[in-house]
Amino acid sequence: MAELPRYRRSSVRALQPSATQRPDLRESVARSNMIAQEIGQMSDFVNAKLTEKRTEEGQQAVYDLGDSEVRERISSEGGPSGTAERAAWDLSNQIGSNRLYGEAVVEMQRIADQGESEQAPYELINSQLQDAVDGFSAALSQFDPAIAAQLRQRLDTAAASMDARYLNTYTQVQNDANALRSEQHHLTIMGQTEQEIRNDGYNNNASKMIDAHIASITNDPSLSDRDKERLLSDVKYRTDIAEIRFDLQSIPITQQEGYINDLIDRDELLNKVEIG
């Protein structure tokens, strides 16, 4: 018996209704978005103005009460909270930093000036300048470590300048003092040597005194090359004059003028000397 063919559904899509977009609905949505945007902008504006007002209030409190009082008060309450206190806290620390810097510079100037007037050792002044840096920068460290670090950096720079200035002055004072001592020592030694030569001529003892003095001048680290050259030249000059005076004692007066004229012809230096 023949098999009848079965019915098969053909692949036909069902029709879908298209979305209907109403003009009035689109306009309503757009209007709502615009209103929301305007409200957001107004909110931002109000918040900005409020923040500005609170900031001004906080800063004014610092001007009215002083940075130290505001800083202590806020710190005792556990730190700043809110816009006004944060503004007051930041400004009080900044003003405090500038004030402390000025006070520190004045103190370091006083230390350097006093050191110069008293001719204090460099190491002492260096230590006192460092104490000033440590003390003034520490005054803010418990409130605002970042501002305190900036203050310390500024004070380190100021102290280094003061230190260099004092070192230069101290070195010059020490050099002058050493030069004066060397000059006085030179005059003392040469006075003794000249007396020795006048009495006994340029003998072995006088020679030893001159050699020791020349070595002392040459090896003196406090003397500049120019000062060494000047003193060594003076040693030779004074020694020569002392020898001449010793020789004159044994020459008859009638022959002394010829002796001196002969020396002058041989040594122009003696033209500048009055031999008595």
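This is a predicted model: local features need pLDDT of at least 70, side-chain atom pairs count only at pLDDT 80 or more; totals for chains, interfaces and linings use all residues.
Residues are numbered from 1 along each chain as its sequence is written. Local features need pLDDT of at least 70 and side-chain atom pairs count only at pLDDT 80 or more, while totals for chains, interfaces and linings use all residues, and side-chain values use heavy atoms, with hydrogens and water left out.

**Exercise 1.** Find the surroundings of Ser137.

Solution. Start with the element: Ser137 belongs to helix α4, residues 122-141. Helices here are DSSP runs of H or I with at least four residues, numbered from the N terminus. Next, accessibility: Ser137 is buried because its relative accessibility is 6%; the cut-off for buried is under 20% relative accessible area, with a 1.4 Å probe and protein chains only. Then the side chain: one of its polar atoms is 3.3 Å from the backbone oxygen of Asp134. Last, with neighbours within four places in sequence set aside, Ser137 contacts Ala148, Leu151, Arg152 and Leu155, where contact means heavy atoms within 4.5 Å.

**Exercise 2.** Which residues does Asp163 contact, leaving aside neighbours within four places in sequence?

Solution. Asp163 sits in helix α5, residues 145-200. With a relative accessible area of 13%, Asp163 is buried. Its contacts are Tyr122, Asn126 and Leu129. The side chains of Asp163 and Asn126 form a polar contact of 2.7 Å (a pair of N or O atoms within 3.5 Å; within protein, one must be able to donate a hydrogen and the other to accept it, and residues adjacent in sequence count only if both atoms are side-chain atoms). Leu129 is 34 residues from Asp163 in sequence, yet their C-alpha atoms are 7.5 Å apart.

**Exercise 3.** Describe the largest nonpolar core.

Solution. A nonpolar core is a set of buried Ala, Val, Leu, Ile, Met, Phe, Trp, Tyr and Cys residues joined through side-chain atoms within 4.5 Å. The largest has 27 residues, and Met108, Ile125, Leu129, Phe136, Leu140 and Leu155 touch the most other members. Two or more residues each come from α2 (67-76), α3 (82-118), α4 and α5. The most, eight residues, come from α5. A second, separate core of six residues includes Met190, Ile210, Leu231 and Val235.

Note on methods. Buried means under 20% relative accessible area, exposed over 50%, partly exposed in between (1.4 Å probe, protein chains only).
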